[in-house]
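Visitor: I have a model on screen and would like to learn how to read it. Where do we start?

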Amino acid sequence: MAYDTLVVVYFPSPSCSAFWPALKSELERSETRKLLTGSVRWITQDEFQKGLESKRGYEILLRGDCTMAAPSTNQKQPRGPLGWVLLVEDRIQPFVYVDCDRVRQMLYRDLRDKTTAERRRLLARAVSRIIVHEMTHIVTQSSRHGASGLEKARVSSSDLLAYTTD
Ligand SMILES: [Zn+2]
C-alpha cells in the first residue's frame with residue numbers, strides 16, 4: 001500500500017500502547033487534515049511493515065508515562081517544553097518529540113478526578129494538539145508562532161483541551 005503521508009508513532013514502553021486507540025482517533029480528526037494533503041496513515045512502530053510506502057514520512061517520539069494507569073501526583077508546573085522539533089542545518093527535521101510527563105503535569109487539575117479512560121482521552125487530545133503545533137513547524141519550515149490558538153509559543157491547559165477548533 002502506498003500513502004501520501006505515513007506517520008509512525010514511537011511509544012517509550014509497550015504498556016503505553018493502551019493509549020494508542022485514543023490518540024489515533026484524536027490525530028485522525030485533528031487539524032493535521034488541513035496540514036497534510038492526500039492520504040495519511042497513522043501507525044505505531046509495531047505496525048510498521050515492509051512494503052508500506054509513502055511520499056512523505058514523519059515520526060512522533062513520545063517520552064514519559066502515557067499509560068495513564070494512575071493519576072499524576074506531581075502538581076508542579078512542568079519545566080521545559082511539552083513538545084519540540086529539531087533544527088539541523090536550517091531544516092526543521094520531520095521528527096516531533098512530546099513529553100507526556102510534562103503534559104500530565106500541566107493537566108493535573110483536569111485529570112485528577114477522572115477515570116483512567118477519561119484521563120486517556122484528555123491526554124490524547126492534548127498530545128494530538130501538541131503534535132499539530134509541532135507538525136506545523138515542520139510542514140511550513142517556519143519556527144514562527146501565532147498570537148492565538150495552537151500556534152502560540154506557550155499554550156495553556158484550556159488550549160490543549162478546548163472542544164472547539166477553528
Ligand atoms: Zn512551536
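Visitor: Which residue in β3 does L6 stand opposite?

Guide: First, a caution: this is a predicted model. Now the general idea. Strands of a sheet pair through backbone hydrogen bonds, either parallel or antiparallel. Here, L6 stands opposite G57 in β3. Strands β1 (residues 2-10) and β3 (residues 53-63) run parallel, paired over eight bridges.

Visitor: In what order do the five strands of the open sheet lie?

Guide: Read across the sheet: β2-β1-β3-β5-β4. The pairing is mixed. β2 (40-44) and β4 (83-88) are the edge strands, each pairing on one side only. On average, neighbouring strands are turned by 25° against each other, direction ignored.

Visitor: Which strands does helix α5 lie across?

Guide: Helix α5 (residues 116-140) lies across β3, β4 and β5. Compare directions next. α5 runs at about 165° to β5 (91-99).

Visitor: Which members of the largest nonpolar core touch the most other members?

Guide: This core has 35 residues. V98, V103, L123, V127 and I131 touch the most other members.

Visitor: Which elements supply this core with at least two residues each?

Guide: They are β1, α1 (20-28), β3, β5, α3 (100-106) and α5. The most comes from α5, with nine residues.

Methods. Residues numbered from 1 in each chain as written. Predicted model: local features only at pLDDT ≥ 70, side-chain atom pairs only at ≥ 80, totals over all residues. Pairing = 2+ DSSP bridges. Helix = DSSP H or I, 4+ residues; strand = E, 2+ residues; numbered from the N terminus. Axes fitted to C-alpha atoms, helices over the stretch in contact; angles between N-to-C directions. Contact = placed C-beta atoms within 7 Å. Core = buried A, V, L, I, M, F, W, Y, C linked by C-beta atoms within 7 Å. Buried ≥ 20, exposed ≤ 12 C-beta atoms within 10 Å, placed from the backbone.
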